[in-house]
Amino acid sequence: MPFRKLTAMCDADVDILAQKLRDYSQLGISLVWQRQVIFLAALGLAAFYYDIVLAGVVLAMILSSELFDFYLFRRILRCQTFDVRKVRQFHILIAISTLISASVIITYAIWIATLQGPIPHFMPLFFLFAAALFASMNNHQLPSALFLRLACYGLAFLFIPVRDIVITGAPLHSELWAQLFTSIFVLFFIVECSRIYQHFYKSQLSQLRNLRNEHEKSKIAYKAKTEFLSTMSHELRTPLTVIKGAVDIVASGKVGEIPEKAEALLQAAQRNSERLLGLINEILDLQDIETEAMLFDFQDIKLWHAVEDAISNNNPYAAKLDVTFVATPPRNDVVVSVDKKRLGQVFSNVLSNAAKYSPVGSNVFVSMETDGDTARVLFNDSGMGLSPDNYDTVFDPFTQVDSSDTRKIGGTGLGMNISKRIMETLGGEIAYSKNDGLGTTFIVELPCI
């Protein structure tokens with residue numbers, strides 16, 4: 001964008017130019033050592049074959065130019081917010097930087113051409129060509145800077161052969177005229193290269209803007225989805241809790257004797273209201289975790305006591321499935337710093353899953369082991385057995401290893417994903433391994449105090 005148009009930019013234009021400035025600066029810093037190698041090679045040739053004074057003067061100019069460029073690039077990259085004033089200021093500074101760095105190459109080329117005399121100038125013209133091509137490849141982010149640099153190099157490209165022709169009065173069939181025409185051809189080639197690189201860069205920017213727009217749309221949709229789920233879950237939980245409480249009271253017989261035909265219906269209502277309430281609570285937990293709204297109250301507790309509490313709380317559920325929890329207490333308990341309620345939620349998820357997928361009449365063995373500063377609680381069932389290939393399925397939300405309509409007992413597929421996220425917050429880990437025989441061993445690992 002030309003400098004005169006910088007005063008009439010909207011926010012979108014400022015963002016685009018800010019991105020171009022950052023890209024230009026980042027690439028300039030990343031190529032600093034490549035430039036130094038090229039400069040050292042050029043100075044070595046100049047000092048050995050032509051004039052050591054020339055090499056010294058150009059070296060001083062290179063150091064000044066590189067220091068100014070490095071300062072400017074770092075300043076642009078450190079800038080947190082861009083506005084029209086800053087964009088205009090940086091463009092002016094880049095124009096100054098471009099003129100300084102271009103003058104270094106031009107001085108080098110013209111000085112050597114002057115020392116060579118009116119002959120075909122392979123070396124100076126080659127370095128001008130290399131510098132112009134380098135600019136086309138790496139300065140395409142800012143068309144104004146690229147145009148200014150190529151204009152300077154182009155004038156030098158034409159000045160060297162024209163000067164020789166003027167000094168010698170060379171006729172049209174002279175090789176000096178061929179050098180001039182070749183220079184013009186090379187300039188067209190460089191301009192075409194610049195156009196191609198600019199086209200590629202504009203395409204990349206366009207794709208990046210489209211990705212950002214889609215990302216913003218996704219964020220908006222995700223936020224709307226999250227708010228909808230949270231609102232609906234809260235709105236459903238209150239009346240469902242009341243309904244479940246009323247069904248439980250009626251099923252208990254406290255309001256009168258229950259007809260035999262109604263008893264089965266009440267039991268079905270109890271089971272399904274409990275499942276639905278569990279689903280709503282898990283959705284709310286998932287939303288709290290994803291929005292970082294879930295609160296954790298860390299305290300020092302004895303780990304095996306928490307395991308025993310979870311077993312006691314889940315015994316009635318296991319008894320309904322004719323599964324028994326068999327606990328083997330450790331010789332020494334360990335202390336961990338956790339949220340007791342959330343850790344209990346993890347243990348309950350593991351125990352209920354172990355009971356759910358274990359055969360009727362089987363046992364789930366619970367034990368604990370310590371290894372240095374780490375404690376592990378092991379839940380060993382004799383169910384279908386999980387393959388290591390099922391890891392993503394086990395811990396991803398809304399997924400189950402057995403997702404068919406004929407699975408034994410339903411579930412939301414949220415419990416293990418929530419457990420994994422809770423353990424990450426607690427500084428621990430949850431994993432599993434397939435048993436040698438039947439079943440799976442889930443492992444809950446925590447650091448000891």
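Gln179 is found in helix α7, which spans residues 175-252; helices here are DSSP runs of H or I with at least four residues, strands are DSSP runs of E with at least two, and both are numbered from the N terminus. The model is a predicted one, in which local features need pLDDT of at least 70 and side-chain atom pairs count only at pLDDT 80 or more, while totals for chains, interfaces and linings use all residues. Residues are numbered from 1 along each chain as its sequence is written, and side-chain values use heavy atoms, with hydrogens and water left out.

With a relative accessible area of 9%, Gln179 is buried (buried means under 20% relative accessible area, exposed over 50%, and partly exposed in between, with a 1.4 Å probe and protein chains only). When neighbours within four places in sequence are left aside, Gln179 is in contact with Ile119, Pro120, His121, Leu125, Pro161 and Asp164, contact being defined as heavy atoms within 4.5 Å.

The packing of helix α5 was examined next. Two packed helices are described by the angle between their axes and the distance between the axes. Axes are lines fitted to C-alpha atoms, for helices over the stretch in contact, and angles run from 0 to 180 degrees between N-to-C directions. Helix α4 (residues 84-116) packs with helix α5 (residues 122-138) at an angle of about 165 degrees, and the axes are 8 Å apart. The two helices are therefore roughly antiparallel to each other; angles under 35 degrees count as roughly parallel, over 145 as roughly antiparallel, 65 to 115 as roughly perpendicular and the rest as oblique. On the α4 side the contact is made by Ile105, Ile106, Tyr108, Ala109, Ile112, Ala113 and Gln116, and on the α5 side by Met123, Pro124, Phe127, Leu128 and Ala131. Classed by residue type, this contact of α4 with α5 has 11 nonpolar, 1 polar and no charged residues, where Ala, Val, Leu, Ile, Met, Phe, Trp, Tyr, Cys and Pro count as nonpolar, Asp, Glu, Lys and Arg as charged, and the others, Gly among them, as polar.

Helix α2 (residues 32-49) also packs with α5, their axes coming within 12 Å and crossing at roughly 175 degrees. This pair, α2 and α5, is therefore roughly antiparallel as well. Gln34, Arg35, Ala42, Leu45 and Ala46 of α2 meet Met123, Phe127 and Phe134 of α5. By class, the contact of α2 with α5 comprises 6 nonpolar, 1 polar and 1 charged residues.

Phe82 lies in the loop between α3 (52-78) and α4. Its relative accessibility is 14%, and Phe82 therefore counts as buried. Apart from neighbours within four places in sequence, Phe82 is in contact with Val14, Ala18, Leu21, Arg22, Ile76, Val87 and Phe90. Phe82 and Ile443 are 361 residues apart in sequence, and 51 Å separates their C-alpha atoms in space.

An open sheet is formed by 5 strands in the order β2-β4-β5-β7-β6, with mixed pairing; two strands pair if DSSP finds at least two bridges between them. At the edges stand β2 (324-328) and β6 (429-434), each with a single partner strand, so one side of each is left without a neighbour in the sheet. Neighbouring strands of this sheet are turned by 20 degrees against each other on average, direction ignored. Helix α9 (residues 303-320) packs on the sheet, where it touches β2, β4 (363-371), β5 and β7, and its direction makes about 165 degrees with that of β2. Helix α10 (residues 340-356) lies across β2, β4, β5, β6 and β7 and runs at about 170 degrees to β7.

Within the sheet, strand β5 (residues 374-380) pairs with strand β7 (residues 440-447) in the antiparallel sense over 7 bridges. The β7 bridge partner of Phe379 is Phe442, and that of Thr374 is Pro447. The pairing of β4 and β5 is likewise antiparallel, over 7 bridges, and here Val366 stands opposite Phe379. Of the 7 residues of β5, 5 are buried, so this strand is largely enclosed by the rest of the structure. In the hairpin of β4 and β5, which has 2 residues between the strands, Gly372 takes a positive phi near 70 degrees.
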